[in-house]
Amino acid sequence: MKKQYLFAGILIAALNFTACDEDYKDWADPQSNPQEEALAQVQASFEAGENAAIVMDDMAGVDTVEVLKFKTISSEGATFSPTSLLINGNSLPYVYENGSFKMLLSTLDSLTQQVYFSRASVARTLTVKAQGAAVVDGQGLSVESEEAEISLTPLNIAPEIDPKGYVMMGDWQSWTITSATPMTAKGDGIYQAKVTTTADENWFKFYAASPFDGATDSDWDAVNAVQMGCRENGDKATKNLLVWTGDIYKVETPVIAGAGDWIVTLDMVNLTYTVVPDVAELYMTGSAYGWGNTWNQFVPVNGSDGAFWGMYYFNSGDEIKFAPQADWGGDFGFSDAISQSSIDRAGLENSGGNIKVGKAGWYIVYVSVNGDEKIVEFEEPAVYLIGNTAGGWDAAMESAKFEVPGTADGEFVSPAFVADDEIRAYASMPQVSASDWWRTEFMVFNGKIVFRGNGGDQDRVSGQVGQKLYLNFGEGTGSIK
């Protein structure tokens, strides 16, 4: 195995100390005792340990592994003593003996799963760094190695994905087999379910769906053949590693803490699960709305849990916040997840937790809420026609794009219709695939803009050649003329 040599350079400087007396000197004055010249630089070298590429399937009977090794120190007579071992920035217990840094394999394996939030049998890269002290001529100096890379591949013991998917059982459905909660396949090994709880603690587990076909409420042996949960009984973590039948850990029962609507996600590739509140609505208030005197309701992105959008005009200096109801509580504002492009586009700033807009104008505001993860983006106010009246069904055709007004009370104006036919219009944003334009569709009915949201296909409104669609998003009105 090729060894990596790591070097930590330490510049040793002699310090002067003078006794205190009655003659206090101005610190700006030259000192009477000249400083000694700096001592030569000292270098300590390390290398990756013997166990730098760990495959857990090959480590049966192994308790400890060597992850790093001290080699040499450049200054004659110097000694080195370690003080800590950092794996991906986490200080972990270790044993240092004869220049070798060793640690429990189980600790390293557990850390790897936590760092990557995955139990998939995939090689995971970890960084190793040693900290310590070198003693040179009686002076103690801090030493920190550069980072070495090691890898660990978790055990390949994951259960096969059930071809019929997965279900949940829990307190909300009284643990009855015949009323198990089905999970919807989202692709790439992801399954989701929405559950409504009423208690402060709601115990639950996951099960392979195949044994539930034709099962009765007495068929527990069959359905328990493939059950999944967590390592610690009663664990209320909203983000957790999965444990399954036949695992090296005992399957314990997790808990959803609190009453409400929840989205539970099971990841059978990374072998994890998450529990987040199901945010059905989103509202915005801010400095222009009396900080709570008015709450503006956002539009759900059709079929996308926790995703919302709205078209708004902001003046320079406006500040805003969001909440899952038209009131304070669970409110949030500036997020580290805001992209740099949004920050640059709208001149966004963090103003005491609020989002402060620096550049006046119209923006599509896209918000995604997934538990503690909140994404806010300010996008171009792009609105398009699509369909026969627009000249085709290709999304985001430049010839079908609305003109954007320069004022808060201005109207978005479509190109003239090129055919006598049904009118289709939508807002375009990067977070929604162009082929899924209907997820952000809307139309004008009786002079009012009506958004599709999470509803079904909207009624059709017809237009004639030469007519245009006019939209006033500030007032929520529109017309065809």
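Which residue in S17 is the bridge partner of phenylalanine 206, and how is strand S16 (residues 201-208) paired and enclosed?

Modeller: This is a predicted model, in which local features need pLDDT of at least 70 and side-chain atom pairs count only at pLDDT 80 or more, while totals for chains, interfaces and linings use all residues. Residues are numbered from 1 along each chain as its sequence is written, and side-chain values use heavy atoms, with hydrogens and water left out. The bridge partner of phenylalanine 206 in S17 is methionine 228. Strands here are DSSP runs (E, at least two residues), numbered from the N terminus, and two of them count as paired if DSSP finds at least two bridges between them. S16 and strand S17 (residues 227-229) run antiparallel and are joined by two bridges. Strand S12 (residues 166-170) is also antiparallel to S16, with five bridges between them, and within this pairing methionine 169 has lysine 205 of S16 as its bridge partner. As for burial, which means under 20% relative accessible area (1.4 Å probe, protein chains only), six of the eight residues of S16 are buried, so the strand is largely enclosed by the rest of the structure.

Key: Buried means under 20% relative accessible area, exposed over 50%, partly exposed in between (1.4 Å probe, protein chains only). Helices (H or I, at least four residues) and strands (E, at least two) are DSSP runs, numbered from the N terminus.
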